[in-house]
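Here are my notes for you to read alongside the structure. I have set them out as numbered points, moving from the whole chain to single residues.

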Amino acid sequence: MTPWLRRLLYLFVFAVWLLVMAFPLFAVLLAARGEVQFGRQPQQQHARVFLIQERNLEGIGVEWVRPLRQQANCNQTHLRYIMWEGEGENASYCQCVDNRGAALPIDATTCPTP
């Protein structure tokens, strides 16, 4: 095995080890805060992981929000649920705002054209 291939393999193993070691830290942070958000402000592109703790529902929800390139005032949102008790209904929708910042009706498929 060449030295560069061995170093690349060591780097890969180290990256996987860091990922495995970060999981307990992420779980404690999620349990303490109830949610963890990565990215910009809630109106911009972000990913959010949150706990679901209801009477008959328990699990984790993951939300991805990204702006649409076709329209500057619209965001596409994807919700996915990982449930260990009950069932969550995954969803994708588009939310647009008008020039004053007021939310327009949600469209389940794509954003309306101006």
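1. **Confidence.** Please keep in mind that this is a predicted model. Its mean pLDDT is 85, with 89% of the residues reaching 70 or more.

2. **Overall make-up.** The protein has one helix and five strands, and from the N terminus on they follow the order α-β-β-β-β-β. Of its 114 residues, 19% count as buried. The accessible surface is about 9100 Å², and carbon and sulfur atoms account for 61% of that area.

3. **The sheet.** The five strands form an open sheet in the order β1-β2-β3-β4-β5, and their pairing is antiparallel. β1 (35-39) and β5 stand at the edges with a single partner strand each, so one side of each has no neighbour in the sheet. On average, neighbouring strands are turned by 20 degrees against each other, direction ignored.

4. Glutamine 53 stands opposite glutamate 58 of β3.

5. **Where the helix sits.** Which strands does α1 lie across? They are β1, β2 and β3, and the helix runs at about 115 degrees to β1.

6. **Valine 49.** This residue belongs to strand β2. Is valine 49 buried or exposed? Its relative accessible area is 14%, under the 20% cut-off, so valine 49 counts as buried. Leaving aside neighbours within four places in sequence, valine 49 is in contact with Phe26, Leu30, Gly34, Glu35, Val36, Ile60, Gly61 and Val62. One of these, glutamate 35, is 14 residues away in sequence, with 5.5 Å between the two C-alpha atoms.

7. **Arginine 80.** Arginine 80 lies in strand β4. With a relative accessible area of 31%, arginine 80 is partly exposed. Not counting residues up to four places away in sequence, arginine 80 touches Ile60, Gly61, Val62, Trp64, Asn90, Ala91 and Ser92. Isoleucine 60 is 20 residues from arginine 80 along the chain, and their C-alpha atoms are separated by 8.5 Å.

8. **The disulfide.** How many disulfides does the model contain? The count comes to one, joining cysteine 74 to cysteine 96 with an S to S distance of 1.9 Å. The link is right-handed, with 105 degrees about the S-S bond. Cysteine 74 lies in strand β4 (residues 74-85) and cysteine 96 in strand β5 (residues 91-96), so the pair ties together parts that are 22 residues apart in sequence. Cysteine 74 counts as buried at 1% relative accessibility, and cysteine 96 is buried as well, with a relative accessible area of 4%.

How values were computed. Residues are numbered from 1 along each chain as its sequence is written. This is a predicted model: local features need pLDDT of at least 70, side-chain atom pairs count only at pLDDT 80 or more; totals for chains, interfaces and linings use all residues. Side-chain values use heavy atoms; hydrogens and water are left out. A disulfide is a pair of cysteine sulfur atoms within 2.5 Å. Helices (H or I, at least four residues) and strands (E, at least two) are DSSP runs, numbered from the N terminus. Buried means under 20% relative accessible area, exposed over 50%, partly exposed in between (1.4 Å probe, protein chains only). pLDDT is the predictor's confidence in each residue, from 0 to 100. Accessible areas come from the Shrake-Rupley method with a 1.4 Å probe; for residues, only the protein chains shown count as cover. Two strands pair if DSSP finds at least two bridges between them. Axes are lines fitted to C-alpha atoms, for helices over the stretch in contact, and angles run from 0 to 180 degrees between N-to-C directions. Contact means heavy atoms within 4.5 Å.
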